Amino acid sequence: MASFDVNPEIVSQQSDLRRRRFLKMGLIWLVILAFIGWCVNGTIIEDTDWSRIGGRSGVLASIGRYFTLDLGLFSELIIPTLETFMMACVGTVLGCFFSLPVAWLGAANVTPSKSLLYPLGRFLMVLSRSVHEIVWALIFVSAVGLGALPGILAIAMRSVGFISKITAEAIENIDAKPVEAIRAVGGNQFQVLYYGILPQIYPVVLATVIFEWDINIRRSAVMGLVGAGGLGLLFFRQMNSFNYGGVSMVILAILMLIILGEVISHYLRKAVI
Amino acid sequence: MAVLTVKDLKVRYSAKGPEILKGIDFEVMGDDFLAIIGPSGAGKSTLIRCVNRLVEPTGGTINLLGEDVCALNPRQLRNLRRNVGMIFQEFNLINRMSVMDNVLSGRLGYTGTLRSVFRAFSQTDVNQALYYLDRVGLSDHINKRADELSGGQRQRVGIARALMQRPKLLLLDEPTSALDPKISREVMALIRDIALELNVPTLCNIHDVQLAKEFCNRIIGLQDGYKKFDGATETLRDADLEDIYAMEVL
């Protein structure tokens, strides 16, 4: 073996360093493992009703019940599937409308008041995202009753956070030069926005809206669980009547819808960018 | 008759920040092609942006076309800006729009909000845009996107846009700094010819002294917010230049 002539001082420094790093890494892993162990103990080991599971075959049999299809449900699926799709579309459009003012308030460079309205805009963005869509749906069901309308409102509210945040960030990142040019020709506030800012942000905003619409199809599929219309309601009913084949049918319909949304948004995004 | 009279102009960008312009006086006459020269950071861009209040002056008065610029309310200011064509160092075009739409945007000050949403400019505006696009030599590029053009071509779009305003004063902010020497000269010549043709006085920031001497009839030298020189181009001596650019040596 070849011998390498190196400064022994550096060698000992290096091995010191490496030993210390080894110990540090070991400690970090130990802490992570201990934490996960604590969580598993608290949630799975102590919190599961082990006596009800009744062995491996019981679990498999329970899951196996879902591998049948209740084809008779097909005719009942069409309307709710369509409704789910329409809820996602209307909810997204409504969300865009709500997002416009929020983005305007929450973009530091165009906000009408930096001290008052900017924080308000930012707060609305966080509020929209921190409340789960099901919780929004519950709120709106209690406000406007059962049906698709509370679902649409819930989806719109839940969409505002993401769309307005991305839009506000796009506005903050624009190139100020065209804005200056439109001001210089005597354009009004709206024209500055429409000619100076909009052309710069619309590809980002459109891509975001398409993405959000894609997500909203998933969201509107579960809205019915709390009575806010769409496939979720059907799912809930099948589950309550222990019709496992029917549950599978609904899940299949949701899957189809999501694949459809995925395909459409793929082509839309391509068209935009 | 002076088109533009600036008196004791002072600017600072923030209350505690340094004073960028420290009391500037000058006039632009109806037939002037006036150059403002000076080292980087002398306040040239700030000065030119005060004229149409893209930058708010903190002191002094500006009289443009008989109006006290600093006293105007937002609507009056927009009306005044329509009369002032501006050409920028980096062209300031709307990149995602076509050359034609960029040129038409010069008429936005005269176009109602609703019409501007649909880019429904009047037929006169469209004809005028086509005329000026031809004048600046871009007839073959009308429907291209602005970001497909070369630097020199983009500046020509900027010139056509400014002309669409039928300006009574042209402001040029380093119109050639982003261009190579040959194109710079072409662009300057084009602007000068058009300014002569339309009889528009022009105020031009420029750091290239050679170009200033070649194209401008009068020169103002700025240094660190003070006016160091103001006179006809022929009277600018090397000693004056050394004085103006003295600080840049450091």
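Me: Where in chain B does B:Asn92 lie?
Reply: This is a predicted model, in which local features need pLDDT of at least 70, side-chain atom pairs count only at pLDDT 80 or more, and totals for chains, interfaces and linings use all residues. Residues are numbered from 1 along each chain as its sequence is written, with chains lettered from A and ligands numbered from 1 in the order in which they are written. Helices (H or I, at least four residues) and strands (E, at least two) are DSSP runs, numbered from the N terminus. B:Asn92 lies in the loop between E6 and helix H3 (99-104) of chain B.

Me: Is B:Asn92 buried or exposed?
Reply: A residue is buried if 20 or more other C-beta atoms, placed from the backbone, lie within 10 Å of its own, exposed if 12 or fewer, and partly exposed in between. B:Asn92 has 23 other C-beta atoms within 10 Å, so the class is buried.

Me: What is the phi of B:Leu65?
Reply: Most residues other than glycine have a negative phi. B:Leu65, in the loop between strand E4 (59-64) and strand E5 (67-68) of chain B, is not a glycine, yet its phi is positive, near 50°.

Me: Which strands stand at the edges of the open sheet in chain B?
Reply: Strands pair if DSSP finds at least two bridges between them. Six strands form the sheet, with mixed pairing, in the order E6-E7-E8-E3-E9-E10. Two of them have a single partner strand each, so one side of each is left without a neighbour in the sheet: strand E6 (84-87) and strand E10 (226-232) of chain B.
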